[in-house]
Amino acid sequence: DYKNITGDHYSNLFDGFNKTHLITQPRILLKKRFLKNNISLKNFHNKIALDLGCGNGRYTFALKSFGFKKVVGIDISPKNIKMAKYNAKKLSIKNVFFKVGDVLKLNFKNNNFDFVMSYGVFHHTRSIERGLKEMVRVTKKSGTGLVFLIGHGGIKWTIIELCRFILQYTSREFITNYMKLTKISQKYIYLILDHV
């Protein structure tokens, strides 16, 4: 059951994220992505955004900080949604809403959002194509969006593929718990296990 496996894996990786991981770093990274892709931050004021595969809410919060009136985050994992709601309350972030949902079968009307984003999510699903179709369907005709996918190429991806092969029968929980015993920060545990 890839939905539960993926949801549980990422909810475990998000444990221990602090305010820097939830607010500062995602905002800086997302702003760079927008500028690189000629997406003007001025266009977000008083508009509604959707974050597909929101995880613990970090990019949902970044979107809200750019001036959106309302941001909705969906994720396949009930644990992630619970964590995102907790983070929003703890950080006093208003007008962000979270719900459990499948990015391949969105429970929203056509042409509903001014901006829709999938940041590092579609490649974890059974169909990138279906995710893109759903994303386009719920985006207003005058709207925009951003898709970020992890690709392949170079020595980095060769090493990642090798690690995936070696660890394919090793429990994700074991690997995560082992890494937590080290002095590696939660940020780097996430960055490593996100790919592996």
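A polar contact is a pair of N or O atoms within 3.5 Å; within protein, one must be able to donate a hydrogen and the other to accept it, and residues adjacent in sequence count only if both atoms are side-chain atoms. The side chains of H45 and N46 make such a contact, at 3.2 Å. The model is a predicted one, in which local features need pLDDT of at least 70 and side-chain atom pairs count only at pLDDT 80 or more, while totals for chains, interfaces and linings use all residues. Residues are numbered from 1 along each chain as its sequence is written, and side-chain values use heavy atoms, with hydrogens and water left out.

Helices (H or I, at least four residues) and strands (E, at least two) are DSSP runs, numbered from the N terminus. H45 lies in the loop between α2 and β1. N46 has its place in the loop between α2 and β1 as well. The phi of N46 is positive, about 60 degrees, although N46 is not a glycine. Accessibility is sorted by relative accessible area: buried is under 20%, exposed is over 50%, and partly exposed is in between (1.4 Å probe, protein chains only). H45 counts as exposed, at 55%. The C-alpha atoms of H45 and G16 are separated by 31 Å, and the two residues are 29 apart along the chain.

Another positive phi occurs at S92, near 55 degrees, and S92 is a residue other than glycine. S92 sits in the loop between α4 (78-90) and β3 (96-100). It is exposed, with a relative accessible area of 54%.

The loop between β1 (48-52) and α3 holds G53. G53 is partly exposed, at 21% relative accessible area. Its C-alpha atom is separated by 20 Å from that of Q186, 133 residues apart along the chain.

In α7 (residues 172-181), the buried residues include I175, T176 and M179. They share a side of α7, because they cover an arc of only 95 degrees around the axis. The arc is that of the directions from the helix axis to the C-beta atoms. On the other side of α7, E173, F174, Y178 and L181 are exposed. At the start of α7, a side-chain oxygen of S171 comes within 3.1 Å of the backbone nitrogen of E173.

In α5 (residues 128-138), G131, E134, M135 and V138 are buried. Their arc around the axis is only 100 degrees, so they lie on the same side of α5. E129 and V136, on the other side of α5, are exposed.

The cysteines were also considered. A disulfide is a pair of cysteine sulfur atoms within 2.5 Å. The count by this rule is zero. C54 is buried, with 4% relative accessible area. C163 is partly exposed, at 28%.

On a 1 Å grid over the protein atoms alone, a pocket is an open set of points where a 1.4 Å probe fits, with protein on both sides within 12 Å along at least five of seven lines; lining residues have an atom within 4 Å of a point. The largest pocket holds about 780 Å³ of space. It is lined by 38 residues, and those closest to its centre are R58, Y119, G120, Y190 and D194. The elements giving two or more residues to this lining are α1 (2-13), α2 (19-36), α3 (58-65) and α8 (186-195). A volume is the space filled by probe spheres set on the points, and grid points are joined across faces, edges and corners.
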